[in-house]
Amino acid sequence: MAIPIKYNIRNMIQRKGLTLMTGLGIALTVMTAVFLMMLLAGMRNAFVTSGDPLNVLVMRKGSTSELAGGFTKDKLPILRELPGIARDSHGDPFVSGEWVVIVNLPRADGTGETNVNLRGMGPSGLELRPKVKLISGQWFSVGQHELVVSKSLHKRFSHTGVGDSLDFGKGPWKVTGIFDGAGTSADSEMWGDVNQIADQFNRQNAIGSAYLHATDAVAADALKHRVADDQRLELEGMLETDYYEKQTSSGGPIRFMGYIVGFTMAIGSIFAAANTMYASVAYRSREIATLRVIGFRRGSILASFVFESVLLALFGAAVGIILMLPFNGMSTATSNQVTFSEVEFSMRITLQVVGWAVAFAVAMGLVGGVAPAWGAARKEILAALRD
């Protein structure tokens with residue numbers, strides 16, 4: 001015969017002080033775990049949403065990023081002739097040759113300078129990114145030393161307003177517009193004319209990478225293989241979504257830190273839950289004996305006390321998740337270990353984050369409750385009555 005659940009709930013309410021203290025300890029642990037998982041979820045969302053499944057990114061074989069993926073300019077016409085490429089608004093092959101370089105910008109708060117990605121592209125490059133919208137000023141002009149800056153960079157760095165000038169390369173660059181990257185990796189970039197950027201950084205005879213927009217998903221998959229198999233090119237093609245999926249490796253340090261901090265705090269929470277349950281066993285010796293006299297078996301008592309510990313952990317998880325809700329959508333930035341530049345993203349509480357937080361709390365409740373529950377179930381009736 002199982003002990004009713006309301007018995008456990010009643011006991012938790014009667015010992016509200018101890019329940020709240022233990023629940024708060026578990027909540028703090030869950031908050032830390034949720035915070036770190038929100039960072040990883042936000043970073044993953046920023047990279048994954050950046051890619052278009054119809055875009056094929058072409059780089060030199062063996063390259064891990066666009067910074068090191070350059071190849072000679074004479075291969076671009078060959079890429080334009082490959083079958084499966086869609087046509088842009090002008091009826092030309094939908095191909096964009098681009099350069100990505102790193103420039104150093106001063107932070108608006110005066111705390112120093114940080115690497116930022118500067119991307120050179122042509123009109124086709126703008127068409128390839130329909131999610132990105134201009135919100136102020138105008139797009140850069142081809143053949144001019146002009147830049148457009150993401151809204152995110154505009155908020156965090158100096159001299160990035162419309163009409164301002166930034167000095168790098170061989171001279172000043174005028175900021176003509178500000179765009180919204182729609183939560184993609186574009187939020188961490190500035191854009192300008194590819195030929196002007198190549199000239200400023202002495203890369204006139206090469207292209208850093210090329211984007212090929214396919215007619216459909218089947219053509220995109222075939223296109224990446226055609227690039228790799230064409231002996232004239234000696235290049236590598238990959239879906240843009242796959243490329244940005246690999247970029248999430250920059251979250252490795254955050255993930256490692258999360259494991260260390262989460263494990264350390266979880267040990268403390270497990271001891272707090274165990275202490276609560278041990279105290280419960282000590283205070284309720286006669287109750288336990290009475291339950292045995294009534295006819296409840298040791299297995300039922302064991303299950304009841306473990307369940308009570310899990311309920312306590314779930315209470316702490318709920319409090320921790322609720323306290324973290326105000327941080328959902330908050331923007332932050334970290335260093336991308338692949339591109340050596342700063343990448344911005346928004347923290348996200350997803351269903352997966354909530355699921356892991358609840359599982360984490362339940363695990364703490366089980367580990368912290370088994371030993372006290374076992375002690376309660378093993379108590380002899382006469383000894384419990386004397387206590």
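Buried means under 20% relative accessible area, exposed means over 50%, and partly exposed lies in between (1.4 Å probe, protein chains only). By that scale, Asp221 is partly exposed at 36% relative accessibility.

This is a predicted model: local features need pLDDT of at least 70, side-chain atom pairs count only at pLDDT 80 or more, and totals for chains, interfaces and linings use all residues. Residues are numbered from 1 along each chain as its sequence is written, and side-chain values use heavy atoms, with hydrogens and water left out.

**Salt bridges**

A salt bridge is a side-chain nitrogen of Lys or Arg within 4 Å of a carboxyl oxygen of Asp or Glu. The count by this rule is 7.

| Pair | N to O distance |
|---|---|
| Glu98 and Arg129 | 3.0 Å |
| Arg119 and Glu189 | 3.0 Å |
| Asp221 and Lys224 | 3.5 Å |

Helices (H or I, at least four residues) and strands (E, at least two) are DSSP runs, numbered from the N terminus. Asp221 and Lys224 both belong to helix α7 (residues 217-229). They are 3 residues apart, which means a separation of about one helical turn.

Glu98 and Arg129 link distant parts of the chain, 31 residues apart. Glu98 is in strand β3 (residues 95-106), and Arg129 is in the loop between α4 (123-127) and β5 (133-137). Glu98 is buried at 0% relative accessible area. Arg129 is buried at 13%.

Arg119 sits in strand β4 (residues 113-121) and Glu189 in strand β9 (residues 189-193), so their bridge ties together parts 70 residues apart in sequence. Arg119 is buried, with a relative accessible area of 2%. Glu189 is buried at 5% relative accessibility.

Through shared partners, salt bridges join Glu66, Glu98, Arg119, Arg129 and Glu189 into one network.

**Aromatic rings**

Rings of Phe, Tyr and Trp (its six-membered ring) pair if their centres lie within 6.5 Å; planes under 30 degrees apart count as stacked, over 60 as edge-to-face and the rest as tilted. The whole structure holds 6 aromatic pairs. Phe168 and Trp173 have ring centres 5.7 Å apart and planes at 15°, so they are stacked. Both residues are buried. Tyr243 and Tyr244 are edge-to-face, because their planes meet at 70°, with centres 5.2 Å apart. Tyr243 is buried at 3%, and Tyr244 is buried at 6%. Trp139, Phe179 and Trp191 form one aromatic cluster.

**Arg129 over rings**

A charge sits over a ring if NZ of Lys or CZ of Arg is within 6 Å of the ring centre and within 35 degrees of the ring normal. Arg129 lies over the face of Trp191, 5.7 Å from the ring centre. The charged end of Arg129 also sits over the ring of Tyr211, 5.0 Å from its centre.
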